[in-house]
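Biologist: I am new to this structure. Please show me how to read its features.

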Amino acid sequence: MNKTTALLVAGTIAGMSAPAMAQSTDGQFTGFRAGVTAGYDAVQAGSSVDIDNEPNNNDQSIDGAVYGVQAGYDFDLGDHVFLGGELSGEKILAEDTYVEFALTGRLGTSVSGKGSVFLAGGYTFTHHGDGPHLGLGYEHHLGHGGTYVATEYRHVFVDHHEANAVTIGIGTFF
């Protein structure tokens, strides 16, 4: 799948879902959402491929603080279950790193009146190669205004490296 096709599919899905925007009756929010994230990302080299772009062909790992933005749409499937999709971009705060973009699907369930857990999976586009990712997260809704805080673990599988990120974030539903 190339990047253009993936972005067109995401845009089409978002456009078709716009009329369905609403808040669910069980207290969990559905509809468009956007947020910011920050956390820690550790990238481990899995081969002799140079991942730090230095002239010494060094394949050492890169790790550090990471920040990002995300936008998505969640659908209420009933029985406290939701399905969603998002487009995100993240950047490790280290030299010679680039913004990585990801398309992610989420499937989750309510675990309390304001909290939900979700599984995440999708595809990440990096400067060093593209590959699938899997994750697990928790989202907690604050009051009735649509604001939420979240935490997520994500593992990215790319041919010559793997990345593990843990982030926290804040966002809102529209």
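Biologist: Which residues make up the largest nonpolar core?

Modeller: First, the basis: this is a predicted model, where local features need pLDDT of at least 70, side-chain atom pairs count only at pLDDT 80 or more, and totals for chains, interfaces and linings use all residues. Residues are numbered from 1 along each chain as its sequence is written, and side-chain values use heavy atoms, with hydrogens and water left out. A nonpolar core is a set of buried Ala, Val, Leu, Ile, Met, Phe, Trp, Tyr and Cys residues joined through side-chain atoms within 4.5 Å; buried means under 20% relative accessible area (1.4 Å probe, protein chains only). Here the largest has 7 residues: Val43, Ile62, Val66, Ile92, Val156, Val158 and Ala163.

Biologist: How many salt bridges does the structure hold?

Modeller: Side chains of opposite charge can pair when their charged atoms come close. The cut-off is a side-chain nitrogen of Lys or Arg within 4 Å of a carboxyl oxygen of Asp or Glu. The structure holds 6 such salt bridges. One of them joins aspartate 74 and arginine 106, at 2.6 Å from N to O. Aspartate 74 is in strand 2 and arginine 106 in strand 4 (residues 100–110), so this pair ties together parts 32 residues apart in sequence.

Biologist: Is aspartate 74 buried or exposed?

Modeller: Aspartate 74 is buried, at 1% relative accessible area, and arginine 106 is buried at 4%.

Conventions
Buried means under 20% relative accessible area, exposed over 50%, partly exposed in between (1.4 Å probe, protein chains only). Helices (H or I, at least four residues) and strands (E, at least two) are DSSP runs, numbered from the N terminus.
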